[in-house]
Amino acid sequence: MIYDIENETLPRDQLEALQLRRLQDLCRRLYANVPFYTKKFDETGVKPENISSLSDLSRLPFTEKKHLREHYPYGFLAVPRDNVVRLHASSGTTGRVTVVGHTRRDIDNWADLMARCLAAGGAGRQDMVQVAYGYGLFTGGLGAHYGAERIGATVVPTSSGSTKRQINFMRDLGTTVLCCTPSYALHIYETALEEGLDFRDKSIMSLRTGVFGAEPWSEEMRHTIESKMAIDAINIYGLSEIMGPGVSIECVEAKKGLHIFEDHFLAEIIDPDSGRNLPLGDEGELVLTTLTREAMPLIRYRTRDITRLDPTPCRCGRTHFRMGRVMGRSDDMLIIRGVNVYPSQIESILLETDGLTPHYQIVVDRVDNLDQMEIQVEPAENFLAGGEVKRLQSITRQLAQRIKVFLGISAQIRLVDPQTLTRFEGKAKRVIDQRKDKI
Ligand code: DLL
């Protein structure tokens, strides 16, 4: 279902005219109200009134996470502080966190966009939506909550954690839509099985749809979750600096790329090294401009997320361009002996190998000045039950070979006992990089 049929199917020429009007208004607001942008515009010699087409966007300066940190906490506010009704903070693991403000209208737009997302995933007012993203400074919980209320669904705000209680609610209340990270969905699935509850039995567990995001995951992980839980697993993307979840989402009809809500966000793809715009369809770093945000609008924010834009029409009828699945952030990319690798590429290979589970961890180290990568993975219990050492050795060999063929690097494979690797309730942490202190 399309929640906002008028805006989500706007013909491209009308959409672009709307984007231009909003971009011009945005530049005027930022030039007048945010000293960082006044200075940047002056330095580049561009005035808001010089913006006469969407292609002028590339004349404007980038905004980076470090700029937000330098102006912590309120330096990017474009409205008086008392117009801000909510603050969220990004989950930065290094340096200062970044604080993001929202006006009442920002929250209202966000609820609308999350309503569009849930509808795109196939949810409606008859649904029981369990929100197992964390509530709090993280945007996942409250973002999904407001969207689910807006479509008129019944919301079960469990937040993340307390997995057994989570599952009991799903069974007793008849939860049909689950919102959480894909890694947490897997953990919920496993815990339910231990309790004797099988998601495939729809007379006990009514779950139909998962709206999963906040971390990279592979197409193979989607297939694994969909077949284990007998649900549609929909990919949702967003980031706190730009709003939170709801920047883009897959439609259940195609499940091929995430529609970016282009009446609210302008998307570009750049070469992360040179900063130059890349041709439509090329892979590069996603850069986003917020067209409608009031409290903390950003121009050309460098997300560090690597993806591509797909302008081809979608069978769902939405006219908004799609972005490809984000395999990882440029700063999560591992460089192993000069080869660039994303953890989700390893995940794809693991899940295509018979007898392995989606529970894995990547340990990178430097021994005698050489990078080494060990992949720890749990084999499936029924595979282990066979007990043949030969079979396990054969999986290990197969996996190492496929990694060599597909990624061009050697890896040591360590099969570990089932249920020994850490499970995650929020964003999964897949990589332990021990090289950091050894440079
Ligand atoms: O993770 C917002 C969110 C909440 C999105 C719930 C989807 C669902 P941050 O904590 O600021 O915000 O982290 C943003 O997470 O730049 C990506 O690197 C990554 N990310 C988010 N969604 C996806 C996804 C939220 N579907 C950062 N696939 C982003 C891959 C994702 N990476």
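**Ligand shell, cavities and a pocket in a predicted model**

An oxygen atom of the ligand lies 3.0 Å from an N or O atom in the side chain of Arg 329, a polar contact (a pair of N or O atoms within 3.5 Å; within protein, one must be able to donate a hydrogen and the other to accept it, and residues adjacent in sequence count only if both atoms are side-chain atoms). The protein covers 96% of the 610 Å² of accessible area that the ligand has on its own. Accessible areas come from the Shrake-Rupley method with a 1.4 Å probe; for residues, only the protein chains shown count as cover. The model is predicted: local features need pLDDT of at least 70, side-chain atom pairs count only at pLDDT 80 or more, and totals for chains, interfaces and linings use all residues. Residues are numbered from 1 along each chain as its sequence is written, and side-chain values use heavy atoms, with hydrogens and water left out.

Further ligand contacts were computed. An oxygen atom of the ligand is 2.6 Å from an N or O atom in the side chain of Asp 305. A nitrogen atom of the ligand sits 3.0 Å from a polar backbone atom of Ala 214. The shell around the ligand holds 20 residues, each with a heavy atom within 4 Å of it. Asn 235, Ile 236, Ser 240, Asp 305 and Lys 427 are the closest. Strand 7 gives the largest share of this shell, five residues. Helices (H or I, at least four residues) and strands (E, at least two) are DSSP runs, numbered from the N terminus. By class, the shell has nine nonpolar, seven polar and four charged residues. Ala, Val, Leu, Ile, Met, Phe, Trp, Tyr, Cys and Pro count as nonpolar, Asp, Glu, Lys and Arg as charged, and the others, Gly among them, as polar.

On a 1 Å grid over the protein atoms alone, a cavity is a set of points where a 1.4 Å probe fits but cannot get out, and a pocket is an open set with protein on both sides within 12 Å along at least five of seven lines; lining residues have an atom within 4 Å of a point. Grid points are joined across faces, edges and corners, and a volume is the space filled by probe spheres set on the points. Four cavities of 30 Å³ or more were found. The largest cavity contains about 120 Å³ of space. Its lining has 13 residues, with His 359, Thr 422, Arg 423, Phe 424 and Arg 430 closest to its centre. Strand 17 (356-367) and helix 8 (182-194) each supply at least two lining residues. The largest share, four residues, comes from strand 17. Five nonpolar, five polar and three charged residues make up the lining of the largest cavity.

The second largest cavity has a volume of about 50 Å³. Among the residues that line this cavity are His 102, Asp 106, Trp 110, Met 243 and Arg 293. Helix 5 (residues 104-120) gives the most to this lining, with four residues.

The second largest pocket has a volume of about 440 Å³. Of its 23 lining residues, Tyr 189, Lys 228, Thr 357, Ala 380 and Glu 381 lie nearest the centre. Helix 8 contributes the most to this pocket, with five residues. The pocket lining divides into nine nonpolar, seven polar and seven charged residues.
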